[in-house]
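Trainee: I have not seen this structure before. Could we go through the terms used for it and check what each one rests on?

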Amino acid sequence: MNPPLRIGIAGLGTVGAGVVKLLAEHGRLLALRGGRPLKLVAVSARSKSKKRDIDLGKARWEKDPLALARAPDIDVVVELIGGSSGIARRLVETALRAGKHVVTANKALLALHGAELAALAEKRGGILAFEAAVAGGIPIIKAIREGLVGNRVSRLYGILNGTCNYILTTMRETGRDFEAVLAEAQAAGYAEADPSFDVDGVDAAHKLAVLTGAAFGSKVNFAGVHVEGIRRVTAMDIQFAEELGYRIKLLGLARETRHGIEQRVHPCMVSLKAPIAHIEGVFNAVVVEGDFVGTTMFQGRGAGQGPTASAVVADLVDVARGRDMPAFVVPAARLADKKVSPMGRHVGAYYIRLMVQDRPGVIAALSGALAKERISVESMLQRGRAKSGQVPVVLTTHETEEAAMQRAAERIGKLKAVSEEPCLIRIEAF
Ligand SMILES: NC(=O)c1ccc[n+]([C@@H]2O[C@H](COP(=O)([O-])OP(=O)(O)OC[C@H]3O[C@@H](n4cnc5c(N)ncnc54)[C@H](OP(=O)(O)O)[C@@H]3O)[C@@H](O)[C@H]2O)c1
């Protein structure tokens, strides 16, 4: 038997504990598949006395996670602490600098420092692997790096945050509004006590930035992602969407345009005919369009102990086998600094929902505001009279430029008959 791959794990929370369990439960199988035993040598977390539902066997406890990066008896450091800076970043850098391999699930760290870390790994001869960082159990990084490597990717998009997808699905199924469903999701453990990273789109943007880097051979550029979350999506918009043949999903989308790389995360109207419209609840999905392969779609659980541990261990087996590829598919020195396509240049169709005073001339004023920007209306829905005098009006447009749409929405918002800021949702064509 070949010498074991000696593993040090930092972080024994949801993911770390899952990895410990998986390594123990499938030890023989992994040794066979990895060509050598995968041996847990040492671990580290914040509190040694914390009760954990795992058997650490003979693994030694390191008080300081950085000790794992320096230990001569460790080949690969598994970083499962989280956070884009602080100890997680120091640990990954120290381990790579020491020539060790690193496996991490930390999308925040990769979104902000992915290009430098990839360069450091290559310089020192270590493998940097992060399958678990994007879409949990879905092997999407492997798919892009290996199975789809022969293609030029024209576009990718996905449901990258299970919490948001769960909230939107539940809002649709129950007809309740965002705040109520969020509170319930928090009570059920599907949403964090501080849900802002998820519901404001930041987590999805981290994952999109990492995917974009791998798929387009560009330096990971989180700052170049246009980000909007789901707080402003109402039960009313979800219901109108269904009537119009759409479903609202928080998507992350990336493509190359003549203005540069477009990366955006925001609620989208997706046709009910598109398979991704039917990915519901906590599930994630990623669609990759390649020039030779056509459209491919991957779906599965985007978070949770089992799926995330599955992805981490897949990376460990690669390391055990010595399967080495540049972290972002092309060598770090060749990753391009691609221009960011400004959001104002985005071209697409739009859904606009307004609350208006039900009186003559309102529709003409709305049409006038759109016509000024040369935006043509595709459809209009108006609901019957309300006692309050406020009625919703929904318009969908033909394709137009985002900048024009924003100007028109601003003008519409200022109309006397319009009582709230217009709700604007982009319609995606798949
Ligand atoms: N949870 C998921 O489903 C999921 C999915 C995909 C990716 N991820 C990523 O995986 C990583 C870990 O997530 P998680 O959900 O497992 O987090 P978690 O449950 O909060 O666990 C974090 C672990 O890190 C340890 N830790 C925190 N600060 C530390 C420090 N200063 N020194 C040493 N250890 C420290 C904690 O120690 P104590 O246990 O002693 O407090 C804990 O064991 C994150 O990057 C996350 O984004 C998570």
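Mentor: Start with burial: 54% of the 430 residues of the protein chain count as buried. Keep in mind that this is a predicted model.

Trainee: What makes a residue count as buried?

Mentor: Its relative accessible area has to be under 20%. In the protein chain, 54% of the 430 residues count as buried.

Trainee: Why is strand 1 called largely enclosed by the rest of the structure?

Mentor: Because 5 of its 6 residues are buried, and buried means under 20% relative accessible area. Strand 1 covers residues 5-10.

Trainee: What makes strand 1 and strand 2 a pair?

Mentor: Two strands pair if there are at least two bridges between them. Strand 1 and strand 2 (residues 38-44) are joined by 6 bridges, so they pair. They run parallel, and Ala-10 stands opposite Ser-44 in strand 2.

Trainee: How many bridges does strand 1 have with strand 4?

Mentor: There are 4 bridges, and the sense is parallel. Against the requirement of at least two, strand 1 and strand 4 therefore pair. Here Gly-8 stands opposite Val-77 in strand 4.

Trainee: And what joins strand 4 to strand 5?

Mentor: Strand 4 (residues 76-79) and strand 5 (residues 101-104) have 4 bridges, again in the parallel sense. Val-76 stands opposite His-101 in strand 5.

Trainee: In which order do the strands of the open sheet come?

Mentor: The sheet has 6 strands in the order 3-2-1-4-5-6, with parallel pairing.

Trainee: What makes strand 3 and strand 6 edge strands?

Mentor: Strand 3 (60-61) and strand 6 (128-129) each pair on one side only.

Trainee: How do you know that helix 4 lies across the sheet strands, and at what angle does it run to strand 4?

Mentor: Helix 4 (residues 86-97) lies across strand 1, strand 4 and strand 5, and the angle to strand 4 is about 165°.

Trainee: How does the radius of gyration of the protein chain agree with a compact globule?

Mentor: For 430 residues, a compact globule would have a radius near 22 Å; the protein chain has 24 Å, which agrees. Its C-alpha trace spans about 80 × 45 × 35 Å along the principal axes.

Trainee: How many helices and strands does the protein chain have?

Mentor: It has 14 helices and 17 strands.

Technical notes:
Residues numbered from 1 in each chain as written. Predicted model: local features only at pLDDT ≥ 70, side-chain atom pairs only at ≥ 80, totals over all residues. Heavy atoms only, no water. Contact = heavy atoms within 4.5 Å. Axes fitted to C-alpha atoms, helices over the stretch in contact; angles between N-to-C directions. Rg over C-alpha atoms; globule rule 2.2 N^0.38 Å. Buried < 20%, exposed > 50% of the residue type's maximum accessible area, 1.4 Å probe, protein only.
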